[in-house]
Structure formats: structure tokens, C-alpha cells
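This briefing is for a reader meeting the structure for the first time.

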Amino acid sequence: MIKDNLIMLRKLNGYSQEQVAEKIDISRQAYAKWESGATIPDLNKATLIAKLYGVSLDSLVSTQEIEGLGTLPPAPVGKNIWGSVNLGERGQIVIPKQAREKLGLEIGDRLIILSDEVGVALLPAEAFEKQIEDLKRRLEN
């Protein structure tokens, strides 16, 4: 629910209720009612809050739960959390249908797998290769 997201986002950003209320031009009491679930923000105020935290309006008003983790904070604009997958015995994973549809992934598409110390990312091979070519051109000039 929106009240859970308001609390999480405020705490993640280190704001007090008073600071958030000031930034969106309302009273602290009105904001506190949103966090308690007694009332909800109107569309204009919800839009201001979403902009303040850099999240989409949709992710502000909906919650996502992942088994074992509980409710997740809204993802920043342009970022998505698709849920969890299990690694198969041969190292295979199934990309959730919603993610495949959103990203336009189809059977047979080539993906590049990248990683850092924390995890892995998959990129469409064509997009990755284009970025590498663009980088090479910039380095040549």
C-alpha cells in the first residue's frame, strides 16, 4: 500500500515527516495521516512525492512483495524489480514473462551476461555491441 511506500522512501532518504511535508507544501499532520493510512494523497501531491523520490507514480502507489524479503521499496524511475528466479541445475534461469514482454525479449535472442561483486545483469547483445562500437568511435576521435 502507499502508506508502506511513503514510510520506506522517507526513511531511505533520511527525511523526517516535517521535511517531506515542507517539500510538498502540506502540514506534517496531513503527511502523518498518509503514513498511518488514515487518508491518502491526492494525485497532485502523489505526483510531487514520486518526483521527490525519483520513482514512478505507479510504483509509489503499489507494493511488491518477494518471498523471504517482504515488501520492497519502489524502484527508481527506469528500474524494475521483476521478482526472484531459481537457478536450475545446469545454470539456467527463466526470465519472468512480464520482464520478457517489457524488454521485447524473444526465444533465440542473444544476451550478454555482466557481473560485479554483488550480482549479474543481462543485456541484449545488440544493445551491448552498439555501446561498445560507440565507445570505440569516441576513443578514436
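In this predicted model, Lys3, Leu6, Ile7 and Arg10 of helix H1 meet Tyr31, Trp34, Glu35 and Ser36 of helix H3. The residues of this contact divide into four nonpolar, one polar and three charged.

**Geometry of H1 and H3**
- Two packed helices are described by the angle between their axes and the distance between the axes.
- The axes of H1 and H3 cross at roughly 115 degrees and come within 6 Å.

**Arg10**
- Arg10 lies in helix H1.
- Arg10 counts as buried because its relative accessibility is 11%, and the cut-off for buried is under 20%.
- A polar contact of 2.6 Å joins the side chain of Arg10 to the side chain of Glu35.
- Beyond its neighbours within four places in sequence, Arg10 is in contact with Tyr15, Ser16, Gln17, Val20, Tyr31, Glu35 and Tyr53.

- In soluble globular proteins, nonpolar side chains tend to be buried together.
- The largest nonpolar core here has 14 residues, and those with the most contacts inside it are Leu6, Tyr31, Trp34, Ile49, Tyr53, Val55 and Leu60.
- Helices H1 (2-12), H2 (17-23), H3 (28-36) and H4 (43-53) are the elements that give two or more residues to this core.
- H4 provides the largest share of this core, four residues.
- Leu60, one of the core residues with the most contacts, touches Ile2, Asn5, Leu6, Leu9, Ala46, Ile49, Ala50, Val55 and Pro74, leaving aside its neighbours within four places in sequence.

Key:
Residues numbered from 1 in each chain as written. Predicted model: local features only at pLDDT ≥ 70, side-chain atom pairs only at ≥ 80, totals over all residues. Heavy atoms only, no water. Core = buried A, V, L, I, M, F, W, Y, C linked by side-chain atoms within 4.5 Å. Buried < 20%, exposed > 50% of the residue type's maximum accessible area, 1.4 Å probe, protein only. Contact = heavy atoms within 4.5 Å. Axes fitted to C-alpha atoms, helices over the stretch in contact; angles between N-to-C directions. Nonpolar A, V, L, I, M, F, W, Y, C, P; charged D, E, K, R; others polar. Polar contact = N/O pair within 3.5 Å; in protein donor to acceptor, adjacent residues only side chain to side chain.
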